[in-house]
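Let's take a walk through this structure, one chain at a time, and then look at where the chains meet.

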Amino acid sequence: MTLFIQQLFNGIALGGIYCLAAIGLTLVFGVLRIPNLAHGALYMLGAYVTYFFLTTVGVPYVAAIGIAALILFVLGVLLERLVFHPLRNAPHTHHMIAAIGAMFFFQSVAQVIWGADFKRMETPISGSLQILGAEISAQRIVIIVTAVIVLGLLTWFIKRSIHGQTIEAIEQDRTGAALVGINPAMVSMLTLGLSALLVTIAAGLVSPINLLSPTMGAALNLKVFAIIILGGLGSLPGAIVGSFALAIAETMTSTYISSAVGEAVAFIVLVAVLAIRPTGLFAKAVQR
Amino acid sequence: MLSLENISVGYDATDVLHGVSVTARPGELTVILGANGSGKTTLFKTISGLLRTRSGSIEYNGQTIRRTRPSSIVKLGIAQCPEGRHLFGKMSVEKNLRLGTYPHRNRTRTEEILSDVLDLFPILKEKAAQPAGSLSGGQQQMVSIGRALMSDPSLLILDEPSMGLAPLVVEQVLESIAQINRNGIGVLLSEQNARASLSIAHRGYVLAEGRVVLADDADKLLDNPQVQAAYLGL
């Protein structure tokens, strides 16, 4: 029972990370109608920039994540403006090729600056809490609390503020949005910036637990794509539910079956969803 | 004043509009008549900046808007209810209306216009919290007109607002449009229902195969034998 509670908390913490990563990806899909294959690379860069500010510059942990998130926001905006925007009228394959190009570019940049070997980010938050007999590390508690707060703020932004509502407006009707004076180019930049900001918060939170490497984004990329397909492309609730479901399934199978199966669980679920309900659990009726 | 001079617009290789000139005077209700495929929707999309002209000029209040982007054109005061309405179907009626204020985002003005819109279409008060996509066609048309009004326009463009609506609802919608015009907002309306629309209009144009074939005062068009033959079944 103690082991189960322990793993449940681990699963929820991992779910929080997946959630912050997946929401940005699903928003970008909703607005730009493209799968941003460079998303994992933004996660990796977010981790390294956080690492840089924490260890090289020496600012406090929270400030390091905050600065990194802002820098990645700007980078996301630039990625949209310089790479995706010029291709907005091109066939879909062009976006994917460009995204993969951006991914390799970011990986190389990280490798040039920080080297190819693994880096360790020292846990700035130590200690653990006893919950129902299980020992939960403070870092995981921080992850869960931060993820909940960030998701709350994001939901408020998208549902309540007029600038956030433009994201949903573009998703639901592009022509309608243009006719109420919303500029799709601005919203696309905002959305990509936001997705990079969110994935950086995820990276900053998880880095003290994992190791950093220039290819660390690849594994996350596969997982978050599985999640947003599971939840239904472009669906926010789908991304949230999918993240936690997948993370808990992953930690539980790792614990009770084997860690190899745990890694594969995302793709077993993905294959099952594509076979049974290809539009995902919270599908929006996508009409093209 | 909106004036289009000799504009040609097309998709791919073929032109849909061939040298069309149309003027909409401030505060007047101008109607564009024409059969399906005559180019009405293309004309309106061009005014709103969704399509680009190949040649000709478009001016609004003396400013050239031929290459202006749609979001900036709305800011200049030209709002459009497009064909097919293009509402945000999953958002509530109220959110749809409030997003219409995006070009100015002025709080006091927003509440003023919102109460005007709800006076014009009282049914929307009851439906305010419902997703716009769940409403009937007539009610959706009201949301679309309301959303366009929320931007505080000086010219309201309506692309066949009566399309697909029951005759009784058509009458209501056209009456609301006349009311909007009486409140001082210029209206540019496209219709197939010639008699009803000309009776509330000041000026009218007849579009056929991408060309203006007739342009005159509305009451003169009503008496015009060509219009009567083509649109009024006389």
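What follows starts with a strand, moves to a helix and ends at the interface.

Keep in mind that this is a predicted model. Start in chain B with strand β3, residues 29-33, where 5 of the 5 residues are buried. Side chains in a regular strand alternate between the two faces of the sheet. In β3(B), both of those faces are covered: B:Leu29, B:Val31 and B:Leu33 sit buried on one side, with B:Thr30 and B:Ile32 buried on the other.

Now for the strand's neighbours. β3(B) pairs with β8 of chain B (residues 186-191) in the parallel sense, over 5 bridges. One spot to look for is B:Thr30, whose bridge partner in β8(B) is B:Leu188. There is also parallel pairing between β3(B) and β9 of chain B (residues 203-208), this time over 4 bridges. Here you'll find B:Val206 of β9(B) standing opposite B:Leu33.

Over in chain A, go to helix α6, residues 162-172. It's mostly covered, with 8 of its 11 residues buried; among them are A:Ile167, A:Ala169 and A:Ile170, but also A:Glu168 and A:Glu171. So what covers the buried residues of α6(A)? The cover includes α1, α5, α7 and α8 of chain A, together with α3 (93-99) of chain B.

In total, 14 residues of chain A are in contact with 23 residues of chain B. On the chain A side, α6 and α7 each supply at least two residues, and α6(A) gives the largest share, 5 residues. By type, the chain A side divides into 6 nonpolar, 6 polar and 2 charged residues.

Notes: Residues are numbered from 1 along each chain as its sequence is written. Chains are lettered from A and ligands numbered from 1 in the order in which they are written. This is a predicted model: local features need pLDDT of at least 70, side-chain atom pairs count only at pLDDT 80 or more; totals for chains, interfaces and linings use all residues. A residue is buried if 20 or more other C-beta atoms lie within 10 Å of its own, exposed if 12 or fewer, and partly exposed in between; C-beta atoms are placed from the backbone. Two strands pair if DSSP finds at least two bridges between them. Two residues are in contact if their C-beta atoms, placed from the backbone, lie within 7 Å. Ala, Val, Leu, Ile, Met, Phe, Trp, Tyr, Cys and Pro count as nonpolar, Asp, Glu, Lys and Arg as charged, and the others, Gly among them, as polar.
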